Amino acid sequence: KILIFDEISIHILKEILYDNDYYVLNVRKSTLHLNIFFKSLINYGFKWNFNKYLIDVINFVSPDSILSFSDNNTFLWKLKKKLKKKTSILLIQNGYRNYAHDVFEIIDENNFDKAEFEIDLFAVFSEATKNYYSNYIKGEKLVIGSFRNNQIPIKLSDKNLDIIFISEFASKKHFTPKYNPNDYWYPEYFFLPIIQEFAINN
């Protein structure tokens, strides 16, 4: 059995899972298994937290594999050694990863113990991402590009195509005072006028 960690992952994965036996674990507190929830509360008492409840649910489901797009969730990075059953943990990179405002900065600033981080397989965007993640988490890394983009068929055309610009999304509200959003967007400020001039002249 496969356990899909986080209900948002199933929207991406359901087209490739077909009729495989899988269970979707809701981790956003919109639904609870009340019997497991109350048992977890009683067992852990004042030491209870939501992560302990999730571990109890996973142990109850007893999956062979856990699959998730929550690649920057360190709970999953530490999960392998906390389960009763030997379970493979497979993560797929969901989005672009950066140091600032991302999981790596959080790990370093809070002095997390990297020795706890281990998974079985990590599908990542690129060699650069593979090398970066390898500094933080043990496990095999496989470069596949973007899983989501790979699901979109490539349509070849004989027509001359215009230049298409795909921007990185980053709202100003995501930046803390120590980071200047203009530094983040500098490559776009620099290159877009050059690309525009090239497109006009050619």
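A: Two strands count as paired if DSSP finds at least two bridges between them, and strands (E, at least two residues) and helices (H or I, at least four) are DSSP runs, numbered from the N terminus. This is a predicted model, in which local features need pLDDT of at least 70 and side-chain atom pairs count only at pLDDT 80 or more, while totals for chains, interfaces and linings use all residues. Residues are numbered from 1 along each chain as its sequence is written, and side-chain values use heavy atoms, with hydrogens and water left out.

Q: Okay, how do E4 and E5 pair?
A: Strand E4 (residues 88-92) and strand E5 (residues 118-124) pair in the parallel sense over three bridges, and leucine 90 stands opposite leucine 121 in E5.

Q: And what order do the strands of the open sheet have?
A: The six strands run in the order E2-E1-E3-E4-E5-E6, with parallel pairing. Strand E2 (22-25) and strand E6 (138-143) are at the edges with a single partner strand each, so one side of each has no neighbour in the sheet.

Q: Switching topic, which residues touch the most other members of the largest nonpolar core?
A: A nonpolar core is a set of buried (under 20% relative accessible area, 1.4 Å probe, protein chains only) Ala, Val, Leu, Ile, Met, Phe, Trp, Tyr and Cys residues joined through side-chain atoms within 4.5 Å. The largest has 31 residues, and Phe5, Leu25, Leu54, Ile66, Trp77, Leu79 and Phe122 touch the most other members.

Q: Which helix gives the largest share?
A: That is H3, which supplies seven residues of this core. Apart from it lies another core of 10 residues, including Ile12 and Phe147.

Key:
Buried < 20%, exposed > 50% of the residue type's maximum accessible area, 1.4 Å probe, protein only.
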